[in-house]
Amino acid sequence: MSSAPLTATPAPLLPAKPKSPPPQQHPVLSHLPHCTSLHALAQLHGAAVKAGLAAHPALVTRLLTLCTGPGAGPAHLAYARQVFDRVPHPADALWYNTLLRGYARSSSASASAARVFVRILEEGVAPDTYTFVSLLKACAAARAGEEGRQAHAMAVKLGAAGHDYVRPTLINMYAECGDARAARVMFGGADGDCVVSYNAMIAAAVRSSRPGEALVLFREMQAKGLKRTFVTVISVLSACALLGALELGRWVHDYVRKIGLGSLVKVSTALIDMYAKCGSLEDAVTVFQGMESRDRQAWSVMIVAYANHGYGREAISLFEQMKKQGMKPDDITFLGVLYACSHSGLVSEGLQYFADMKDHGIVPGIKHYGCVTDLLARSGQLERAYKFIDELPINPTPILWRTLLSACGGHGDVELGKRVFERILELDDSHGGDYVIFSNLCANTGYWEEMNRVRKLMSEKGVVKVPGCSSIEIDNTVHEFFAGDGRHPKSQEARKMVDEVIDQLKLFGYVPDTSHVFHVEMVEEEKAISLKYHSEKLAIAFGLLNTAPGATLRVVKNLRVCPDCHSMAKLVSMVFNRRIILRDLNRFHHFEEGICSCGDYW
């Protein structure tokens with residue numbers, strides 16, 4: 001990522017330029033507190049410009065604050081930047097810092113943040129610690145390591161790098177940008193609040209999808225006797241959620257009670273999220289119902305939890321209850337409701353809620369469009385879904401087309417699938433799953449020539465399929481299994497158990513479903529063998545071997561569960577009298593007595 005280098009060289013920390021007195025209060029400014037939308041703000045801004053108040057401090061401050069706050073989108077940030085650029089000589093760091101904070105919330109604005117910082121130096125304004133914190137956060141959000149290193153060098157030059165707020169932000173920036181060595185160097189040199197530095201490292205590890213490392217750091221804190229804060233607890237609960245480590249999460253919950261953090265809304269919300277993502281919706285509901293007060297995030301997380309577990313009606317009911325209590329939904333709340341509708345086949349309800357977003361002043365994002373695409377595609381309205389994506393007011397991402405491609409595979413529509421596949425390749429030709437889905441679709445519908453073309457294309461581009469990985473927690477230890485390999489020390493035992501399980505399931509009518517095996521040149525027997533040792537089968541078999549009869553098995557998979565493993569899990573739940581809760585890439589499946597909660601609609 002290229003950006004303006006942070007190389008302006010005025011004398012460091014120059015005194016601020018004297019401010020000119022603000023113009024006399026004007027009637028148009030009295031409307032500022034009532035502007036809560038970008039549209040209203042733009043209208044007032046136009047009136048203010050006509051009145052000669054374009055650079056009035058109160059107006060500029062309000063504009064920048066509203067356009068850079070939580071939930072501000074690219075259009076808001078762009079507007080804020082236009083306002084800012086029209087101010088001839090901003091006299092202190094406040095406006096710069098406000099704009100930088102907005103960029104810090106964006107995942108693609110490090111270059112813009114860098115240019116703002118260069119202007120600070122060119123104007124001779126003294127940057128403060130908040131300036132560096134926001135600049136470094138912007139670099140971290142965009143994973144812009146080079147800009148981050150330049151910002152670090154400038155912080156050292158101006159004597160800000162060792163500040164108690166700046167150092168943890170530096171640690172977080174390096175960790176987010178994948179420079180673990182630099183993060184560790186900064187971490188090791190921390191001489192202020194060690195607790196703050198640990199929190200930064202743990203949070204960065206979680207956001208970078210390294211939950212195991214986060215838990216190791218947490219145990220280091222325990223060993224050193226450092227006091228854990230609610231920030232620590234929230235990050236550790238997020239790590240448990242990523243791993244699906246329910247028992248460890250329950251231990252953290254007990255710990256939260258002991259240290260008196262259980263009444264905090266943010267901690268309770270993190271507990272709801274952890275329990276839901278670890279497969280225990282019952283515990284999530286218990287925590288939610290026990291909260292003395294709830295904010296919008298708590299309601300939204302519970303709605304998303306119901307949605308992920310396939311309880312669409314319950315999610316909708318909670319959403320309506322939330323509105324009745326005067327709580328205004330946000331984009332995350334609507335995302336949960338749309339997700340609930342798409343995973344429960346509630347097409348008309350989902351489309352109505354999507355339309356309702358406009359009434360709440362919420363502009364749909366790419367994830368909302370994805371839910372509507374999924375809603376239409378799952379219900380078989382493939383052409384309508386294609387048209388919906390094609391006519392979006394924003395550029396569609398590969399993920400949107402990928403959602404439709406998967407549905408084409410499920411409905412056997414190879415002609416539309418080909419059109420969608422070509423659209424995906426125009427945007428991203430490196431995702432192995434796309435080739436696999438379309439190749440299988442061609443094979444299942446007899447388009448052998450097209451299938452061979454896709455496989456050849458995949459080979460030429462060196463694209464490989466992401467290996468399936470499933471984990472299961474037993475006695476506070478998370479065990480990972482990969483499809484077809486033997487890296488787990490007990491993999492041979494798991495394979496042997498799979499063999500025994502499948503032999504028993506065949507007595508109850510189990511037949512391997514080889515329709516989604518990618519290597520189509522295999523004979524049916526070879527395909528069945530390749531299916532046999534999928535990662536979720538190994539994890540389930542390992543769970544059967546190492547848990548008491550009747551115990552619930554909780555499995556987490558990194559990809560979508562395949563139809564054969566789904567059928568196998570249903571039979572295992574019946575034959576072995578086990579409840580199996582499987583979290584795949586898209587949702588939770590609750591298998592019990594031979595039935596799945598998804599109703600085979602996934």
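Which domains does the domain assignment of the chain give?

1. The assignment gives domain 1 (37–43 + 50–192), domain 2 (209–293), domain 3 (298–362), domain 4 (365–466) and domain 5 (469–596). These bounds come from an automatic or database domain assignment. Between the C-alpha centres of domain 4 and domain 5 the distance is 27 Å.

2. A note on the basis of the values. The model is predicted, with local features needing pLDDT of at least 70 and side-chain atom pairs counting only at pLDDT 80 or more, while totals for chains, interfaces and linings use all residues. Residues are numbered from 1 along each chain as its sequence is written, and side-chain values use heavy atoms, with hydrogens and water left out.

3. In the unreviewed UniProt entry, the annotation "repeat: PPR" covers residues 92–127, 194–228, 295–329 and 330–364. UniProt positions are given in the numbering used here, feature names are shortened, and annotations may be inferred rather than shown by experiment. Residues 194–228 are 77% helix and 0% strand, and their end C-alpha atoms lie 11 Å apart. Residues 330–364 are 77% helix and 0% strand, with end C-alpha atoms 10 Å apart. Helices (H or I, at least four residues) and strands (E, at least two) are DSSP runs, numbered from the N terminus.

4. Helix α2 (residues 57–68) packs against helix α4 (residues 93–104) at an angle of about 15 degrees, with axes 8 Å apart. Axes are lines fitted to C-alpha atoms, for helices over the stretch in contact, and angles run from 0 to 180 degrees between N-to-C directions. α2 and α4 are therefore roughly parallel to each other; angles under 35 degrees count as roughly parallel, over 145 as roughly antiparallel, 65 to 115 as roughly perpendicular and the rest as oblique. In contact (heavy atoms within 4.5 Å) are Pro57, Val60, Thr61, Leu64, Thr65 and Thr68 of α2 with Trp95, Thr98, Leu99 and Gly102 of α4.

5. Helix α19 (residues 347–359) and helix α20 (residues 366–378) pack at about 160 degrees, their axes being 10 Å apart. α19 and α20 are therefore roughly antiparallel. From α19 the contact takes Val347, Gly350, Leu351, Phe354 and Met357, and from α20 it takes His368, Tyr369, Val372, Leu375 and Leu376.
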